[in-house]
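I want to go from the overall build to the sheets, and then to the residues packed between them.

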Amino acid sequence: MSKFKIQEKIKDNQHILYLNGKIDEDSDFSILNLKQQQIIIFNLEGVTGINSCGIREWINLMKAIPANSKVYFVKCDRAMIDQANMIEGFFPPNSFVKSFFIPYYCEHCDEQSNILCERKSEADKNPAYTQTSSCKNCQKDAEIDIIETKYFKFLKKN
Ligand SMILES: [Zn+2]
């Protein structure tokens, strides 16, 4: 597995961060200065996992974000959604999950896939999704691979 990487882009009043790899004890967030821009956008598509040390680093980073900033999370992988559903403050109060992946599993060919779910606005607590999706491998029906009431818990807060 490749080493954890962060790419940054600053555009107008937005600070955009692309995270890649597994978040663990070697993930160095101290290099980040998130105090300059009003809007902070985390693109989490490349996050492949997070361990307990990584969770601690992540929460410290979230605490360092000024309360008057607006934080957006886009393309959140299941690894991050699962933690947000379990850990208070994993996504800070001033944040909004704009889009996230819903896992599907195809029992016909054993293929796992993720479908991106986009929310229209922060008021959108029930974003549209389907119980099945066409498997990209065999085109048969892949079933949703989460317990919905548990997985969508984070929507109430973030
Ligand atoms: Zn399939």
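Predicted model: local features only at pLDDT ≥ 70, side-chain atom pairs only at ≥ 80, totals over all residues.

**Entry 1: the whole chain**

I looked up the secondary structure and found 3 helices and 9 strands in the chain, which follow one another along the sequence as β-β-β-α-β-α-β-β-β-β-β-α. For the overall extent, I find that the C-alpha atoms fill a box of roughly 50 × 35 × 30 Å along the principal axes. I then checked the radius of gyration, which is 16 Å, and this agrees with the value near 15 Å that a compact globule of 158 residues would have. Of those 158 residues, 22% count as buried. When I took the contacts between residues at least 6 apart in sequence, 66% of them turned out to join residues at least 24 apart.

**Entry 2: the five-stranded sheet**

In what order do the 5 strands of the open sheet with mixed pairing stand? I read the order as E1-E2-E3-E4-E5. E1 and strand E5 (95-97) are at the edges with a single partner strand each, so one side of each has no neighbour in the sheet. From one strand to the next, the twist averages 20°.

I followed the pairing from the E1 side. Strand E1 (residues 5-11) pairs with strand E2 (residues 14-23) in the antiparallel sense over 7 bridges, and one of the residue pairs I looked up is Ile10 with its bridge partner His15 in E2. The two strands form a hairpin with 2 residues between them, and in its turn Asp12 has a positive phi of about 50°.

E2 is then joined to strand E3 (residues 39-50) by 9 bridges, and here the two strands run parallel. I noted two positions along this pairing: Ile16 stands opposite Ile41 in E3, and Tyr18 stands opposite Asn43 in E3.

**Entry 3: Tyr72, looked up on its own**

Tyr72 is found in strand E4 (residues 70-74).

**Entry 4: the four-stranded sheet**

A further open sheet has 4 strands in the order E7-E6-E9-E8, with antiparallel pairing. Its edge strands are strand E7 (111-118) and strand E8 (132-134), each of which pairs on one side only. The twist here averages 40° from one strand to the next. Inside this sheet I looked at strand E6 (residues 99-106) and strand E9 (residues 141-144), which pair in the antiparallel sense over 2 bridges; the bridge partner of Tyr105 in E9 is Glu143.

**Entry 5: helix H2 and the cores**

Which residues of helix H2 (residues 78-86) are buried? They are Met80, Ile81 and Ala84. They cover an arc of only 100° around the axis, which puts them on the same side of H2. What covers these buried residues includes E3, E6 and helix H3 (148-151).

I went on to the largest nonpolar core, which has 20 residues, and those with the most contacts inside it are Leu44, Cys76 and Met80. E2, E3, E4 and H2 each supply at least two residues of this core, and E3 gives the most, with 5 residues. For Cys76 I listed the contacts, again leaving aside neighbours within four places in sequence, and they are Leu44, Ile81, Val97, Phe100 and Phe101. There is also a second, separate core of 5 residues, among them Ile102, Tyr104, Cys106 and Cys135.

Key
Residues numbered from 1 in each chain as written. Rg over C-alpha atoms; globule rule 2.2 N^0.38 Å. Buried ≥ 20, exposed ≤ 12 C-beta atoms within 10 Å, placed from the backbone. Contact = placed C-beta atoms within 7 Å. Pairing = 2+ DSSP bridges. Axes fitted to C-alpha atoms, helices over the stretch in contact; angles between N-to-C directions. Arc of directions from axis to C-beta. Core = buried A, V, L, I, M, F, W, Y, C linked by C-beta atoms within 7 Å.
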